[in-house]
Structure formats: structure tokens, C-alpha cells
Amino acid sequence: MNFELTEDQQAFVDTAKAFAEKELAPNAAKWDEEHHFPIEVFRKAGEMGFMGMYTPEEAGGFGMSRLDSALIFEQLAGGCTATTAMMTIHNMVTWMIGSFGQQSVIDQWVPELVTGEKLGSYCLTEPGSGSDAASLRTSAKKDGDEYVLNGSKMFISGAGETDVLVVMARTGEDGPKGISAFAVPADAEGIVYGKAEDKMGWNAQPTRLVTFEDVRIPAENLLGKEGEGFKFAMMGLDGGRINIAVCSVGTAQAALNTAKAYMQERTQFGKPLAAFQALQFKLADMATELVAARQMVRLAASKVDNNDADKTTYCAMAKQFATDVGFKVCNDALQLHGGYGYIKEYPLERHVRDVRVHQILEGTNEVMRMIIGRRMLAD
Ligand code: FAD
Ligand code: 2MC
């Protein structure tokens with residue numbers, strides 16, 4: 001087993017790092033402050049090939065491995081966490097349409113999703129159904145050659161700014177087997193968008209309630225077959241959880257780099273902070289835990305690439321571990337800055353606010369433990 005990156009992988013990392021340094025990092029604080037959703041940057045990311053990375057080639061994507069995509073997202077997240085997280089959700093949606101859509105639906109959406117000219121949202125959560133996703137109530141009723149959607153989706157990332165929504169809705173019985181997935185044009189008549197939620201972090205992208213009131217869509221927009229939607233939603237989230245985990249790793253690495261530099265510059269008691277062994281030990285623990293998190297995410301990504309039977313468990317482990325470590329490292333980096341860490345002139349408080357939600361969304365870290373525990377006890 002070789003833990004070194006290949007030449008190609010190193011080139012992906014270098015390209016993504018350069019993009020993050022040029023297009024994301026200089027603007028991240030402003031986008032956060034102004035709650036600006038940088039549409040123009042998603043277009044540029046599309047030109048770089050970052051918007052349909054692991055979508056199958058036959059559907060018009062780049063067919064990259066999850067591991068290679070994760071290497072790229074890690075670098076991008078070091079530039080702007082919230083913007084990169086939106087790119088990861090968009091990649092998940094593009095993969096779902098490209099993998100499970102009928103050819104006409106692929107032709108309609110995937111080319112422009114891959115270039116970043118169009119953007120996608122993922123709609124699973126509802127006001128009454130979060131962790132228990134299979135209890136969702138949004139309905140899709142077949143009416144001739146159309147489906148009619150009614151219901152609400154809560155906390156939808158990018159909503160109001162995106163062009164296509166992948167919506168999980170009930171076409172049959174209660175529970176997971178009655179759920180189907182649809183590609184829904186975001187401007188379809190009857191879709192109502194709520195206000196942008198006032199959030200702790202992830203301010204460079206809007207999060208909205210989306211309500212469907214007798215929304216009619218062509219029946220061909222069904223992804224796969226009726227009843228397959230919950231499985232598709234979970235398959236999407238296996239990859240999504242790797243991506244969110246790696247957004248925490250990339251952000252935490254940026255925070256660690258900032259803290260290391262600060263420890264060497266800041267003097268107290270006549271010495272640089274770096275001279276105090278207590279702080280050296282803190283830095284050592286941050287670096288060690290971050291390496292462990294990174295390796296775990298890469299292992300999970302390779303399990304998905306190899307379609308390993310345990311891939312879902314590894315994705316859950318990586319998501320839970322890396323997002324907890326990511327939050328801790330960012331918070332410790334803030335602490336190492338003392339009072340300066342708490343003010344917005346430094347990026348630490350933004351890092352802490354942005355990565356905090358990674359412990360909650362794409363399945364809470366309690367749900368990740370549920371997935372891992374169930375699997376362990378099933379054997
Ligand atoms: P609940 O499910 O009500 O959970 C409340 C608490 O109880 C949590 O701590 C949870 O871990 C715990 N809990 C629940 N059940 C159990 C159990 N059985 N055992 C132990 N603990 C349990 N969703 C989308 O579909 N698309 C999006 O784009 C999207 N973007 C989001 C963006 C943001 C900024 C946020 C905050 C959320 C987003 N979400 C999105 C929703 C997110 O996935 C949910 O918030 C999350 O899955 C948790 O659901 P909930 O908020 O309803 O919490
Ligand atoms: N891949 C393929 N199939 C899967 C799967 C996976 N990863 N996970 C479950 N399934 C299948 C499973 O095999 C079963 O099918 P079958 O009966 O044919 O074997 C079916 O789906 C039902 O699975 P469960 O019995 O495990 O379903 P349960 O209702 O117990 O819930 C749980 C499972 C808790 C893991 C799921 O509801 C969940 O992930 N909840 C968290 C919700 C979540 O992650 N929301 C994120 C929203 S998106 C977001 O936040 C963004 C920012 C984009």
C-alpha cells in the first residue's frame with residue numbers, strides 16, 4: 001500500500017490550492033460578512049472541472065475517483081469553507097442526476113451543471129423529518145405523464161439561487177420503500193422559497209425552506225424507478241459525507257497553519273508563544289489528530305471507489321471523526337490566538353462558525369454513530 005500521492009494527484013492538489021489562494025481565500029471573509037453567494041466563482045470552478053468531478057463520464061462528467069475529488073475539495077475548503085461545501089452538494093446532485101436520470105434528463109441538466117453554469121440543490125430534510133429521513137411526507141402523485149408535488153423541504157442549501165432541485169418525495173407506502181427521487185426545475189410553477197435563514201456560519205450560501213404547492217413536473221424527471229429514491233439519497237450522502245468531512249479537514253489545516261505562524265510571532269513573558277511547551281503540546285495534538293482525520297477520510301473515499309461492502313460505515317466513521325476533529329482543531333487555533341482569535345480581523349472565528357455545522361448536517365454525528373453501531377451489531 002502506497003500512502004504517497006501519485007503525480008496526477010499532486011497536480012490536482014496544486015491546481016486546487018492555487019485556485020483556492022487566488023479565487024477563494026482573499027474573498028472568504030467578505031462573502032461571509034456580506035452573505036454573498038459567489039455565482040461567478042462557481043462558473044470559474046466549472047471551468048477548472050470542479051463542478052462535476054465524480055459524475056460518470058458517460059453522463060458528461062469527469063468520472064474522477066472519490067479519493068481524487070476529496071483531495072481537491074480539501075484544498076478548496078482551505079480557501080473558503082462555505083463556498084466549497086456548496087460545491088460538494090452541487091457535485092452530489094450532479095452525480096445523482098448523471099447516475100440515475102433518464103437520458104433526456106441527463107441531457108437537459110448535466111452539461112451545464114458540470115460547467116457550473118447551472119447549480120443544483122439536494123432536498124431531503126423536512127420540517128418534521130430530519131434524522132429520521134425515511135419519515136418524510138412531501139408527496140409526488142402520478143397524474144398522466146406528470147407528477148404533482150406537495151410538501152416542504154427545510155434547510156435547503158443554495159435554494160433560491162440554484163437551477164435544479166433533487167427532491168425526495170413519497171410516491172408509495174410509509175417508510176423508505178415508498179420514497180422516490182426527482183429532478184425538479186427550481187423555477188417550476190408552485191415552488192415557493194422562504195427567507196434566507198439567519199445562520200451562525202455558512203453565510204456565503206443561502207439556506208431556505210422550499211415549499212411545493214401542486215408543482216407539476218414531467219414523469220420522465222423521476223430518477224430511476226419509483227421506490228428507489230431513499231437508496232439513491234443515501235448513496236448520494238455516502239459521498240457527501242466524505243466531502244463534508246474533507247471540508248472540515250481543509251479548514252482545520254488552514255486554521256492550524258495560521259496558529260503555527262501566530263505562535264512564532266506573538267511574544268508574552270518575554271518569549272514567543274512557540275517557546276511554551278504547553279502550547280507546543282497543543283499544536284502537536286492538533287497536527288496529529290488532523291493527520292488521523294485526513295487518513296480516515298481518504299480510506300473511506302477509497303472504500304467508495306472500490307465499492308467495498310462496508311463503505312457506508314467507513315463514510316459515517318470518517319464524517320463523524322473528521323468533523324469532530326475539524327471543529328476541535330479550529331477551536332484550539334482560536335484559543336491559541338487569545339482575544340485576537342475572537343475578532344473578525346482574523347479568520348479563526350469564521351472557521352469555527354463554518355465547521356460547526358458539519359457536525360450536524362448530512363446526518364448528525366449521533367446518526368453517524370447509529371449507522372456504525374447498527375452495522376457492528378448486525379455482524
Ligand atoms: P433532529 O433530527 O430533530 O435531531 C435533533 C437532535 O437529536 C440531534 O442532535 C440529533 O443528532 C439527535 N437525534 C435524533 N435522533 C436521534 C437518535 N435516534 N439517537 C440519538 N440522537 C438522535 N438538508 C437537506 O436535505 N439539504 C440541504 O441542503 C441541507 N442543508 C443544510 C444546511 C444547514 C446550514 C443546516 C443547518 C442543515 C441543512 N440540512 C439540509 C438539514 C440537516 O441535514 C439536518 O438539520 C440534520 O440532518 C438534522 O436534522 P434536524 O435538524 O431535523 O434534527
Ligand atoms: N446506500 C444504499 N442503500 C442504503 C444506504 C446507503 N448508504 N443506507 C440505507 N440504505 C437502504 C437500506 O439498505 C434499506 O434498504 P433495504 O430494506 O432494501 O435493505 C433502506 O435504505 C432503509 O435503510 P434503513 O433501514 O437503514 O433506514 P432507516 O429509516 O433506519 O434510516 C438513517 C437510516 C438513519 C441512516 C437515515 O435516515 C439517515 O441517514 N438519516 C440522516 C439524514 C441525513 O443525513 N440528512 C442529510 C440531509 S442533506 C444535508 O444535510 C446537506 C447539507 C446536503
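Q: Which residues come nearest to ligand 1?
A: G130, S131, S157, T364 and E366, out of 23 residues around ligand 1; being near takes a C-beta atom, placed from the backbone, within 6 Å. This is a predicted model: local features need pLDDT of at least 70, side-chain atom pairs count only at pLDDT 80 or more, and totals for chains, interfaces and linings use all residues. Residues are numbered from 1 along each chain as its sequence is written, with chains lettered from A and ligands numbered from 1 in the order written.

Q: And which domains does that shell draw on?
A: At least three residues come from each of domain 2 (121–225) and domain 3 (230–378); the bounds are from an automatic or database domain assignment.

Q: Which elements supply at least two residues of it?
A: β1 (120–123), β3 (146–157) and α11 (365–378) each do. Helices (H or I, at least four residues) and strands (E, at least two) are DSSP runs, numbered from the N terminus.

Q: Switching topic: how many residues of domain 1 are in contact with domain 3?
A: 22, against 25 residues of domain 3, where contact puts C-beta atoms, placed from the backbone, within 7 Å.

Q: Which elements give two or more residues to the domain 1 side?
A: α2 (28–34), α4 (66–77) and α5 (81–100). The largest share, 9 residues, is from α5.

Q: How far apart are the C-alpha centres of domain 1 and domain 3?
A: They lie 20 Å apart.

Q: Last one, what does A318 touch?
A: Leaving out residues up to four places away in sequence, A318 touches R241, I242, A245, M296, V297 and A300.

Notes. Contact = placed C-beta atoms within 7 Å.
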